[in-house]
Amino acid sequence: MMKNSVTDYVQMLRELKVRPTKETGPDSRVLLIDGLNSYIRVFSAVPITNEDGEHIGGIAGFLRSIAFVIRTIQPTRVIIVFDGKGGSVRRRDLYSDYKAGRTVNTKFNRLDHVEIDVEQEVKNMKKQLSRLVDYLDCLPITLVSIDNIEADDAIAYLTTDVFNNSERVTIMSDDKDFLQLVNDRVNVWRPIEKQVYNSQKVLEKYGLPSHNYIIGKVFTGDASDNIKGLKGVGVKTLIKHIPELLSDTKLTLDDVIKIAADRAPLSSTKMYSDILLNESLLRLNYDLMQLEAVDISASIKSNIRNLVMEKEIPIIERFKFKRLLMEDRAYNVFKVPDMWLTESFNTLASYANVKNNS
């Protein structure tokens with residue numbers, strides 16, 4: 001048997017093994033990827049260069065990272081969500097200092113012989129991100145970017161409304177805000193830890209059940225987004241004085257404020273009065289960070305739904321993908337591109353065919 005025939009036969013066997021079953025549909029197990037969050041992480045950490053010595057860690061790291069997660073959790077559908085233009089406007093209207101003071105990470109992991117300044121690195125970051133989209137367009141995944149909303153809001157809407165009947169939704173992001181969405185159907189994959197966060201893991205790591213995690217965030221704030229918390233009140237203090245947060249009951253911010261109002265006259269605990277004095281701050285924090293009922297327009301929701309439910313999922317464009325690698329002189333990214341594409345994306349391609357032909 002000729003060598004090419006053997007290769008074709010092996011690939012055919014792989015494809016036969018990954019065909020969808022009657023028990024699962026294309027939207028059964030959905031992986032939602034926080035695109036910019038994932039890209040920035042790998043761009044700063046992956047020191048890969050192409051044959052011309054140009055840094056390509058953003059492209060290579062992102063592709064390798066999503067492929068690893070896909071092989072690990074075996075989703076039937078993958079959607080990558082990027083922030084839209086003007087995405088932060090709504091929250092900045094609520095709080096002008098939202099994300100103020102954010103700086104570009106200058107501690108890049110680079111080979112010793114590669115010298116580059118921050119301005120060049122930022123320019124390279126944007127260039128690689130644009131080029132990454134060309135690679136992603138060759139894969140059986142859906143890309144979403146809607147103007148005037150952040151990726152957080154789109155991912156939350158997809159999780160709670162669009163795929164609310166899916167067997168499993170996994171959110172890939174190191175943004176801890178997504179932990180508030182975790183339940184028996186939704187979990188979070190944190191790439192930096194290579195760890196899946198389910199309800200039990202959230203409780204073990206952060207001391208609050210996932211259904212009350214947002215209350216903890218409201219009090220502690222979020223330094224990465226420049227959201228200030230209530231000074232002197234951490235999760236342990238909060239639980240000590242409001243132990244109801246550890247129960248199976250989901251508490252609203254109104255519930256917590258009422259508990260403080262009821263107990264303040266009967267207790268010398270300063271925290272209760274601090275809650276009442278800082279109610280406006282807490283409500284602002286809640287509006288900035290809650291993702292269970294995102295504040296986006298009906299037209300934007302319709303756009304998101306149409307993108308993921310009506311638009312066809314791309315097929316694997318093997319030739320185009322390999323041509324991009326050649327153009328970028330990035331032969332060293334994957335040892336055998338065809339094998340990598342087959343092992344990482346064939347299952348998704350099979351489910352995509354089912355969805356596109358339904």
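1. Basis. This is a predicted model, in which local features need pLDDT of at least 70 and side-chain atom pairs count only at pLDDT 80 or more, while totals for chains, interfaces and linings use all residues. Numbering starts from 1 along each chain as its sequence is written, and side-chain values use heavy atoms, with hydrogens and water left out.

2. Overall composition. The chain has 15 helices and eight strands (DSSP runs numbered from the N terminus: helices H or I of at least four residues, strands E of at least two). Of its 358 residues, 47% are buried, that is, under 20% relative accessible area with a 1.4 Å probe, protein chains only. Among contacts with a separation of 6 or more, 72% join residues 24 or more positions apart; contact means heavy atoms within 4.5 Å.

3. The sheet. An open sheet of six strands runs in the order β3-β2-β1-β4-β5-β6, with mixed pairing (two strands pair if DSSP finds at least two bridges between them). Its edges are β3 (142-144) and β6 (195-197), each of which pairs on one side only. Neighbouring strands are turned by 25° against each other on average, direction ignored; axes are lines fitted to C-alpha atoms, for helices over the stretch in contact, and angles run from 0 to 180 degrees between N-to-C directions.

4. Strands β4 (residues 168-172) and β5 (residues 186-190) pair in the parallel sense over four bridges, and Ile-171 has Val-188 in β5 as its bridge partner. Helix α6 (residues 151-162) packs on the sheet and touches β1 (29-34), β2 (77-81), β4 and β5, its direction making about 170° with that of β1. Helix α7 (residues 199-206) also packs on the sheet, where it touches β5 and β6; its direction makes about 100° with that of β6.

5. The largest cavity. About 60 Å³ of space lies here, and the lining includes Arg-91, Asp-152, Asp-177 and Asp-225. In answer to the opening question, the lining residues divide into five nonpolar, no polar and four charged (Ala, Val, Leu, Ile, Met, Phe, Trp, Tyr, Cys and Pro count as nonpolar, Asp, Glu, Lys and Arg as charged, and the others, Gly among them, as polar).

Note on methods: 1 Å grid on protein atoms, 1.4 Å probe; cavity = no way out; pocket = protein on both sides within 12 Å on 5 of 7 lines; lining within 4 Å. Points joined across faces, edges and corners; volume = space filled by probe spheres on them. Buried < 20%, exposed > 50% of the residue type's maximum accessible area, 1.4 Å probe, protein only.
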